[in-house]
Amino acid sequence: MSGGRLPTRAGVEAAAEAVAALLAPTPLLPVEIGGVRLHTKAEVLQPVGSFKIRGAWWRLANLAPEERARGVIAVSSGNHAQGVAWAARRLGIRAAIVMPRDAPRVKLEATAALGAELVLYDRPGEDRDEVAAREVGRRGAVLVHAFADPWVIEGQGSAGVEIAAQLGRAPSRLVVCCGGGGLAAGLSLACPGSAVHVVEPQGWDVVARAVAAGAIVRAPPDAPATICDALRPDATKPLNLALLRGRIEPGVTVTDDEVRAAQRFAFARLRLVLEPGGAAALAAALAGKVPLDADTVIMLTGGNADADSFARTLAEGSAER
């Protein structure tokens, strides 16, 4: 997939230049939490509703001509899918996306609307990586991994370069929604002096536990259900683990109720729609699970919320008052 290539800070800076030439910077929005005034990074305002467009663009833009001709395969519950589909359409590359059949309909429909072919699998029941490997073998396409591809990691790190430019300094800490660890790895390269706090759904803290253990840890078969569909890979990958070991703070987890509270907070205070996975970092901050100061930046990573579910979340908040 990467030919042994490792992501670097120089690669992150190059990715940031490429992204800046294509996409407007997403805003840093001030907010007060627990008496501390800090910033949130509104990646939900990207053209595909998430930060994933960064890594997808940098990866596909770096494909060799013969790789572009073969097309790409990606695996995603929806946000990486849309990023890859968006980049592929702009670059004239065929894209097929392996997606779980139970992914939010809004993500399935948006990916298809961008021109990508959907390859659906059952979750649980089928291994998504095995499905992707089969499709790569059948098509001869290039796999664009959602979080363990070096170019994808560099592309995600471009958000950190952008944050430092907007603040006029590096952030003291970054609070990051975490699935497989691609964004956290990229930000750790972009902001080497900043503390990085990864936030995962309760029972799905595969990255924090892997870093603590120094080895890959898989989600247990009886892992609890979570509304954070974007943050539930079975495990991180060795590349991410190598980049994050000794670099991130002890991870924290958030409950579905804490995530819903964060969605309501963002809607009321920031006028933003966050999907559950995109609200996890904010949830940890609101719940007092991470330290905060004036130079803290909370990543708001995704806004592809199912309309009916989001409406129910808002209604629950009204009922509680």
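The lining of the largest pocket divides into 11 nonpolar, three polar and nine charged residues, where Ala, Val, Leu, Ile, Met, Phe, Trp, Tyr, Cys and Pro count as nonpolar, Asp, Glu, Lys and Arg as charged, and the others, Gly among them, as polar. This is a predicted model, in which local features need pLDDT of at least 70 and side-chain atom pairs count only at pLDDT 80 or more, while totals for chains, interfaces and linings use all residues. Residues are numbered from 1 along each chain as its sequence is written, and side-chain values use heavy atoms, with hydrogens and water left out.

**Pockets**

- The largest pocket has a volume of about 490 Å³, a pocket being, on a 1 Å grid over the protein atoms alone, an open set of points where a 1.4 Å probe fits, with protein on both sides within 12 Å along at least five of seven lines; a volume is the space filled by probe spheres set on the points, which are joined across faces, edges and corners.
- Of the 23 residues that line the largest pocket, R123, W204, R232, P233 and D234 are the closest to its centre, lining residues being those with an atom within 4 Å of a point.
- The second largest pocket holds about 340 Å³ of space and is lined by 20 residues, of which I227, D229, P276, D306 and S309 lie nearest its centre.
- By residue class, the lining of the second largest pocket divides into six nonpolar, five polar and nine charged.

**The four-strand sheet**

- Four strands form an open sheet with parallel pairing in the order β5-β4-β3-β6; strands (E, at least two residues) and helices (H or I, at least four) are DSSP runs numbered from the N terminus, and two strands pair if DSSP finds at least two bridges between them.
- Because β5 (117-121) and β6 (142-144) stand at the edges with a single partner strand each, one side of each is left without a neighbour in the sheet.
- From one strand to the next the twist averages 25 degrees, with axes taken as lines fitted to C-alpha atoms, for helices over the stretch in contact, and angles running from 0 to 180 degrees between N-to-C directions.
- Strand β3 (residues 72-75) runs parallel to strand β4 (residues 95-100) and is joined to it by four bridges; A95 in β4 is the bridge partner of V72.
- Helix α4 (residues 79-91) packs on this sheet, touching β3, β4 and β6, and its direction makes about 170 degrees with that of β4, contact meaning heavy atoms within 4.5 Å.
- Helix α5 (residues 105-113) lies across β4 and β5 and runs at about 175 degrees to β4.

**The six-strand sheet**

- Six strands with mixed pairing form an open sheet in the order β1-β2-β10-β7-β8-β9, and the edge strands β1 (28-33) and β9 (252-254) each pair on one side only.
- Neighbouring strands of this sheet are turned against each other by 30 degrees on average, direction ignored.
- Strand β2 (residues 36-42) pairs in the parallel sense with strand β10 (residues 296-300) over four bridges, and I298 in β10 is the bridge partner of T40.
- Helix α11 (residues 256-270) lies across β1, β2, β9 and β10, running at about 115 degrees to β1.

**Residue S188**

- S188 is placed in helix α8 (residues 182-190) and counts as buried at 5% relative accessibility, buried meaning under 20% relative accessible area (1.4 Å probe, protein chains only).
- Leaving aside neighbours within four places in sequence, S188 is in contact with V196, L243, L244 and R247.

Key. Buried means under 20% relative accessible area, exposed over 50%, partly exposed in between (1.4 Å probe, protein chains only).
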